[in-house]
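Please look over the sequence and the structure shown here.

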Amino acid sequence: MTALAKESSSALAEEAPSKRRLLLASDRPDRSDELADILQAVGEVDTVATLDIPERPSRDLSGIIVDINLRSPESVQRVRNKLRHQAYGSMPRLFVLADALHHGTMQAWALGATDTISRPLDRDAILRRIRAAFPDTGAYDASERGKAVNCGVEAAHAVLVKMLDKFPAGTPLSFDDVVAVENHVIKAIKHGSLRQWLTTVACHHVGTYRHCLFATGYAVAFAQHLGMRDDDQRRLTRAALLHDVGKAFIPLEILDKTGKLTDAEMQEIRQHPRRGYEALADQGGFPPEMLDVVLHHHELLDGSGYPNHLKANQISDIVRLTTVVDIYTALIETRSYRAPFTHLRAFSMMEAMGGKLDQPLLQAFRPVAMGSF
Ligand SMILES: [Fe+2]
Ligand SMILES: [Fe+2]
């Protein structure tokens with residue numbers, strides 16, 4: 001990630017005091033002192049021995065950080081038992097790995113980790129992860145978070161109406177239309193949550209609208225998880241909103257067809273990157289990188305994608321990010337011709353795609369995907 005640079009640590013230092021409540025569960029509280037010190041910068045920290053993890057979490061708890069010996073079956077079993085209460089199930093869980101070789105990763109995911117960090121502890125990286133994953137319960141109460149999400153989904157939906165319904169009927173779509181909504185979308189994911197975003201979308205939207213809204217939620221959450229600078233978050237938001245603009249030019253009876261598509265129908269659907277690219281290029285005013293995303297989001301690193309069979313070094317960072325989010329989103333969605341795949345199955349299917357996808361990027365996406373259900 002060169003162009004999509006990480007947020008500077010100075011921005012972290014300027015963060016306003018937070019009211020996050022964090023539970024740090026440790027089987028060696030003395031060894032967790034350094035971590036507790038770091039966490040104090042982003043919230044109030046209660047350090048408890050694993051035996052003392054409460055049966056049910058307090059209502060204002062933002063998330064739990066587990067710092068245990070993941071190679072000890074007793075420690076793992078104790079934490080598994082303690083976190084059984086369903087209220088823990090909807091809460092971010094960050095696990096500390098013993099080293100950067102990621103020993104214990106499998107145990108952490110099996111215990112429901114939504115993210116991991118490793119020793120030696122990197123203060124700035126940890127604070128970025130906490131800020132991205134754990135809601136700041138004091139700054140935004142539940143109703144404000146809900147409002148932020150509704151407002152973001154409505155704004156994104158409004159631009160999709162312009163893009164998918166009005167644009168093919170001849171009403172111009174401008175880049176400013178897309179830029180105008182990005183603030184609402186970024187705020188929705190930052191102050192609400194990806195899970196709330198997906199739930200809201202699933203209640204109100206179907207088909208291509210649902211797909212574009214899901215993909216946008218995942219893209220923005222991914223950008224925030226990676227600690228991207230504000231302007232890079234905006235670029236990815238726009239890319240996700242626009243990526244399937246070409247579907248506006250494909251007949252709905254093909255897009256929403258129940259049952260298997262014929263070869264001719266499949267060919268027609270595979271025209272959507274080029275149709276979208278041509279429509280935006282004819283319209284004018286869209287930056288080259290947006291045209292790049294629209295035309296190339298179905299390219300794969302080994303050259304087996306479409307429409308241009310690009311290979312790895314010809315595929316830009318922003319396209320790779322959009323592709324990972326797009327494929328994951330498509331797999332977990334209900335399609336008219338198949339049931340959705342589970343999140344775990346979808347992720348492992350993408351791992352099995354091997355060199356077709358940017359696998360390190362996919363692994364970076366794992367906490368976002370696993371934290372979304
Ligand atoms: Fe697409
Ligand atoms: Fe898509």
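## Model and numbering

This is a predicted model, in which local features need pLDDT of at least 70, side-chain atom pairs count only at pLDDT 80 or more, and totals for chains, interfaces and linings use all residues. Residues are numbered from 1 along each chain as its sequence is written, while chains are lettered from A and ligands numbered from 1 in the order in which they are written.

## Domains

Domain 1 (17-133) and domain 2 (142-370) are given by the domain assignment of the protein, their bounds coming from an automatic or database assignment. Their C-alpha centres are 32 Å apart.

Five residues of domain 1 are in contact with five residues of domain 2 (C-beta atoms, placed from the backbone, within 7 Å). On the domain 1 side, helix H6 (residues 123-133) gives the most, with three residues; helices are DSSP runs of H or I with at least four residues, numbered from the N terminus.

## Nonpolar cores

A nonpolar core is a set of buried Ala, Val, Leu, Ile, Met, Phe, Trp, Tyr and Cys residues joined through C-beta atoms within 7 Å. The largest has 62 residues, and Tyr218, Ala219, Phe222 and Val325 have the most contacts inside it. Helix H10 (residues 207-225) supplies its largest share, 10 residues.

A second, separate core of 26 residues includes Leu24, Leu35, Leu39 and Phe134.

## Ala202

Ala202 lies in helix H9 (residues 194-204). Ala202 counts as partly exposed because it has 14 C-beta neighbours inside 10 Å; buried requires 20 or more other C-beta atoms within 10 Å, exposed 12 or fewer, and partly exposed is in between, with C-beta atoms placed from the backbone.

Technical notes:
Helix = DSSP H or I, 4+ residues; strand = E, 2+ residues; numbered from the N terminus. Contact = placed C-beta atoms within 7 Å.
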